[in-house]
Amino acid sequence: MVSQTVELLKNEIPLEQESVVLAEDAVNGLVLVDIINGFCTVGAGNLAPRESNTQISGMISESARLARVFCEKNLPVMAFLDSHHPNKPEDPYPPHCIVGSDESNLVPALRWLENEPNVTIRRKDCFDGYLGSIQEDGSNVFVDWVKKNKITTLLVVGVCTDICVLDFVCSTMSAKNRGFLEPLENVVVYSRACATFNVPLEVARNTKGALAHPQVHI
């Protein structure tokens with residue numbers, strides 16, 4: 001599925017894929033974007049898969065594998081969890097991942113991360129984890145995490161490829177290019193550990209407030 005999407009993009013925009021080897025002598029950080037029940041666990045909510053989905057299950061397995069490697073090496077990991085207040089809808093999507101519900105929690109395969117000392121959990125109430133890391137005092141949890149750990153290469157995985165992952169990466173790249181994230185040099189999106197949700201047209205028609213989002217076209 002990922003390869004089909006890449007081929008479609010290559011026909012529309014300049015796009016190249018390449019293998020990346022993370023240097024052992026540098027600090028690499030891992031960012032997990034929204035690998036939570038509300039987007040990944042069958043039947044967990046309005047934006048969760050309706051049935052078992054190979055793209056999503058593959059993303060979870062590969063993300064869990066990477067997380068184990070990073071934790072074994074005591075490298076910094078940040079996990080963004082989509083978490084919304086019921087009185088603050090996120091248009092154009094139906095209610096999802098409400099604060100305090102199991103929808104906004106990590107999937108079972110990643111719940112162990114909550115007890116790892118090298119892992120930072122950040123709940124966010126918007127698409128973009130960069131913006132969702134801004135505190136009331138103007139500080140930014142993600143920016144501080146990068147600087148504190150002196151991260152030079154960031155590996156990004158998760159869901160949804162075309163929404164929260166994309167928004168976070170774009171903001172991070174812009175901030176890096178403007179010098180706000182020193183010493184960060186590289187932002188890498190690992191396609192095998194990314195996925196998006198599937199809302200076929202026929203399902204969207206029967207779900208109040210839902211928009212069609214066929215996974216096959218993403």
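Of the 218 residues of the chain, 47% count as buried, where buried means under 20% relative accessible area, exposed over 50% and partly exposed in between, with a 1.4 Å probe and protein chains only. The structure is a predicted model, in which local features need pLDDT of at least 70 and side-chain atom pairs count only at pLDDT 80 or more, whereas totals for chains, interfaces and linings use all residues. Residues are numbered from 1 along each chain as its sequence is written, and side-chain values use heavy atoms, with hydrogens and water left out.

The chain holds six helices and five strands, taken as DSSP runs numbered from the N terminus, with helices (H or I) of at least four residues and strands (E) of at least two. Read from the N terminus, the order of these elements is α-β-α-α-β-β-α-β-α-β-α. Among contacts (heavy atoms within 4.5 Å) between residues at least 6 apart in sequence, 71% join residues at least 24 apart. The accessible surface comes to about 11,500 Å², of which carbon and sulfur atoms account for 51%; these areas come from the Shrake-Rupley method with a 1.4 Å probe, and for residues only the protein chains shown count as cover.

A nonpolar core is defined as a set of buried Ala, Val, Leu, Ile, Met, Phe, Trp, Tyr and Cys residues joined through side-chain atoms within 4.5 Å. In the largest such core, which has 57 residues, Phe142 and Phe168 touch the most other members. Two or more residues are given to this core by each of strand E1 (28-33), helix H2 (37-40), helix H3 (54-72), E2, H4, E4, H5 and E5, and H3 gives the most, with eight residues. Phe142 is itself buried, at 0% relative accessibility. When its neighbours within four places in sequence are left aside, Phe142 is in contact with Val31, Met78, Phe80, Tyr130, Ser133, Leu154, Phe168, Thr172 and Leu181.

Aromatic pairing was assigned to rings of Phe, Tyr and Trp (its six-membered ring) whose centres lie within 6.5 Å, with planes under 30 degrees apart counted as stacked, over 60 as edge-to-face and the rest as tilted. By this rule there are five aromatic pairs. One of them is formed by Tyr130 and Phe142, which are arranged edge-to-face, at 5.9 Å centre to centre and with 70° between the planes. This pair links distant parts of the chain, as Tyr130 lies in the loop between E3 and H4 and Phe142 in helix H4, twelve residues apart. Tyr130 is buried, with a relative accessible area of 13%.

Most residues other than glycine have a negative phi, and most peptide bonds are trans. The bond from Val159 to Cys160 is cis, with omega near 0°, and Cys160 is found in the loop between strand E4 (153-159) and helix H5 (161-177). The bond from Glu182 to Pro183 is likewise cis, with omega near 15°, and Pro183 lies in the loop between H5 and strand E5 (186-195).

Positive phi values occur at Cys97, where phi is near 50°, and at Lys150, where phi is about 55°. Cys97 is placed in the loop between strand E2 (77-82) and strand E3 (119-124) and is buried, at 0% relative accessibility. Lys150, in the loop between helix H4 (141-149) and E4, is by contrast exposed, at 55% relative accessibility.

With a disulfide taken as a pair of cysteine sulfur atoms within 2.5 Å, the count comes to zero. For Cys160, the closest cysteine sulfur is that of Cys164, at 6.1 Å, which is too far for a bond. Cys160 is buried, at 3% relative accessibility, as is Cys71, with a relative accessible area of 13%.

The loop between E2 and E3 also contains Asn105, which is buried, with a relative accessible area of 16%. The side chains of Asn105 and Asp102 are joined by a polar contact of 3.0 Å, that is, a pair of N or O atoms within 3.5 Å in which, within protein, one must be able to donate a hydrogen and the other to accept it, residues adjacent in sequence counting only if both atoms are side-chain atoms. Leaving aside neighbours within four places in sequence, Asn105 is in contact with Ile36, Asn37, Arg111 and Arg123.
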